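Hello,

Here is the structure you will be working with. Please open it alongside this note.

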Amino acid sequence: MQRFWSIPFSMGLFLVLCVLSGMTLADDDSHTNMHFRDNPPSPPTPGHSSTSTADHSKFEVLQQPFTDGPSVTKACLSCHTEAGEHMMKSIHWTWEYTHPKTGQKLGKKHLVNTFCTNARGNEGMCAQCHAGYGWKDETFDFNNPNNIDCLVCHDRTGSYYKTPNSPGNEACSVMFKEKPPIQWNTVAQNVGLPGRDNCGRCHFYGGGGDGVKHGDLDSSLERPDRSLDVHMDVDGLNFTCTQCHVSDKHVWAGSRYQVVAKDTEGTAKPGMRRDVATCESCHGTSPHPVDGVVAMKLNDHVNKVACQTCHIPKIARGGVATNVKWDWRTAGKTKDGEGYKEDNYVQANGKARSTYKSIKGSFEWAENFVPHYAWFDGQMNYTTIDTVFDPNKGPIDINGFNGRADDPQSRIWPFKPMHTIQPYDKGFNTLVYMHLWGNDKDAFWGNYDFARAIKTGMEKNNLPYSGEYGFVDTYSYWPITHMVAPKEEALDCGECHSKAGRLQNVEGFYLPGRDAPYDIDRYGLWLLLAALLGIVGHATLRGLTGRHRS
């Protein structure tokens with residue numbers, strides 16, 4: 001698979017999830033609010049709650065004095081009697097996904113990633129983005145529907161928030177102080193269909209901060225303009241996430257683990273398809289109005305080129321940077337015995353991002369950059385905690401992918417590549433779980449000791465560990481599907497059909513303008529036009545002579 005040493009990523013700073021032990025906090029209060037909504041709460045993004053046929057403030061069951069989330073959930077389920085059972089089958093609840101083709105156990109409950117590396121064993125912090133209450137360790141009851149957090153998806157006041165389910169070290173806990181108390185009755189009586197802010201409070205902040213993980217999902221999509229996303233344009237179509245990621249019994253269309261890379265069915269009128277969240281499910285398999293030769297050729301491209309390739313020209317272009325390199329080897333440095341951070345990058349929206357933090361190491365950032373392009377058939381391949389690899393054979397793909405030019409299921413897709421240098425077990429040649437979060441002597445976000453953090457992380461999950469760790473280069477790949485530009489800002493022909501175009505490194509097929517001298521392509525075009533003229537001339541003569549004979 002093509003590597004990306006040469007991709008010209010710009011450098012940037014990183015606003016991460018946790019405040020360092022002992023670091024200076026007075027220089028940037030935004031660190032206390034990086035994971036959820038601003039403080040004070042921001043108003044909700046416009047959605048479709050106004051279409052609701054029920055005013056929840058009039059419901060008697062919601063008039064009782066609530067003091068916590070589970071009591072609100074119990075009231076919700078007294079009317080929405082089947083919602084609990086539905087929700088507990090969702091990956092937002094299980095954090096677990098068994099891949100139907102590979103049989104691998106995936107989901108946040110199991111995976112190692114290229115950011116904070118593992119949620120497993122760090123649920124006290126990471127499960128802030130679990131759609132439930134109180135998951136801090138293996139004792140969490142996944143069969144109790146009252147543990148479901150209805151409000152995280154349905155609150156329409158913009159005032160609801162979540163904090164860690166267990167304490168971290170003293171310095172980390174600072175970022176969750178001084179938040180206003182949740183007005184449980186107010187949020188319970190003001191629920192509706194999810195807005196972009198509901199989904200975004202987790203999906204915009206994946207990987208530990210605003211825009212860190214995906215590159216096409218960040219807080220700029222709360223109120224985007226038409227240029228940033230033609231579908232979510234707050235003054236235009238103003239789509240919520242659920243208009244594409246439609247749900248059936250609280251199970252949503254669209255999967256990062258098994259992507260529909262090529263939708264050959266298109267629209268399915270009447271009604272909406274409930275199994276995919278593809279461009280074709282709304283726009284069909286011939287999306288361009290046939291008003292000329294160019295449109296005909298563009299529709300022909302759909303067979304081999306994903307819509308996203310042309311219609312998402314760059315990544316992270318809303319003013320928020322995304323993380324492109326993370327080096328854990330430098331983590332743990334201190335000044336005068338205390339952790340610290342360095343803010344050396346200012347992203348387009350004016351906010352500073354960190355390039356170094358003692359708890360996480362060094363970061364590189366990029367925004368408004370060209371994606372990586374490759375053939376993709378939708379099959380993601382994961383290196384899990386059980387996978388044995390040879391570290392001498394080059395970087396490890398945490399989530400690699402398949403695809404070939406001659407595969408009818410493959411198309412050319414845009415990706416954000418993520419490069420990380422992270423710990424692994426040198427004895428067993430496997431990835432490792434680290435114990436990062438906790439108010440104990442073994443948590444790395446407090447002691448800066450890799451050896452203890454890895455040993456504890458593996459022991460807590462009953463996994464073998466040789467006792468010797470090293471660092472290995474890893475990559476992950478994130479298919480780009482959001483931040484869809486309007487048609488006038490889509491790629492033109494020359495962006496790809498040129499020697500140094502965007503597809504210069506995509507192999508296995510002939511690309512006019514790239515693979516032959518210019519004159520050959522030009523002569524070929526003239527021959528094609530001559531052939532078309534011949535066909536038209538021949539047909540005209542046949543028509544005239546036939547009319548004459550008749």
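Below is what was found in it, region by region.

First, the ground rules. This is a predicted model, in which local features need pLDDT of at least 70 and side-chain atom pairs count only at pLDDT 80 or more, while totals for chains, interfaces and linings use all residues. Residues are numbered from 1 along each chain as its sequence is written, and side-chain values use heavy atoms, with hydrogens and water left out.

**Helix H13**

Helix H13 covers residues 518-549 and includes leucine 532. Helices here are DSSP runs of H or I with at least four residues, strands are E runs of at least two, and both are numbered from the N terminus. The unreviewed UniProt entry lists residues 523-541 as "transmembrane region". Such annotations may be inferred rather than shown by experiment. In the model, that span is 100% helix and 0% strand, and its end C-alpha atoms lie 26 Å apart.

A nonpolar surface patch is formed by Tyr523, Leu525, Trp526, Leu528, Leu529, Leu532 and Ile535. Together they have about 760 Å² of accessible area. Areas come from the Shrake-Rupley method with a 1.4 Å probe, and for residues only the protein chains shown count as cover. Patch residues have over 30% relative accessible area and no salt bridge; nonpolar side chains (Val, Leu, Ile, Met, Phe, Trp, Tyr) are joined within 5 Å, like charges within 9 Å. Leucine 532 counts as partly exposed because its relative accessibility is 45%. The cut-offs are under 20% for buried, over 50% for exposed, and partly exposed in between (1.4 Å probe, protein chains only).

**Helix H12**

Helix H12 spans residues 450-460. Its buried residues include Phe450, Ala453, Ile454 and Met458. Their cover includes strands E12 (411-425), E13 (430-431) and E14 (469-479), plus helix H11 (444-447). At the start of H12, a side-chain oxygen of aspartate 449 comes to within 3.1 Å of the backbone nitrogen of alanine 451. After H12 comes asparagine 462, with a positive phi near 55°.

**Salt bridges**

The structure holds 15 salt bridges. Each is a side-chain nitrogen of Lys or Arg within 4 Å of a carboxyl oxygen of Asp or Glu.

- Arginine 411 meets glutamate 280 at 2.9 Å, N to O. The pair links strand E12 to helix H8 (residues 280-283), 131 residues apart. Arginine 411 and glutamate 280 are both buried.
- Aspartate 442 pairs with arginine 452, with the closest N and O atoms 3.5 Å apart. Aspartate 442 sits in the loop between E13 and H11 and arginine 452 in H12, so the bridge ties together parts 10 residues apart in sequence.
- Aspartate 343 pairs with lysine 341, with the closest N and O atoms 2.9 Å apart. Lysine 341 counts as buried at 13% relative accessibility, whereas aspartate 343 is partly exposed at 29%.

**Loops**

Most residues other than glycine have a negative phi. Threonine 117 has a positive one, near 80°. Threonine 117 lies in the loop between strand E2 (105-106) and helix H4 (123-126), and is buried at 2% relative accessible area.

Leucine 217 lies in the loop between helix H7 (196-203) and strand E3 (247-248). It counts as buried, at 10% relative accessibility. Leaving aside residues up to four places away in sequence, its contacts (heavy atoms within 4.5 Å) include Phe204, Arg256 and His482.

Best wishes

Terms used: Polar contact = N/O pair within 3.5 Å; in protein donor to acceptor, adjacent residues only side chain to side chain.
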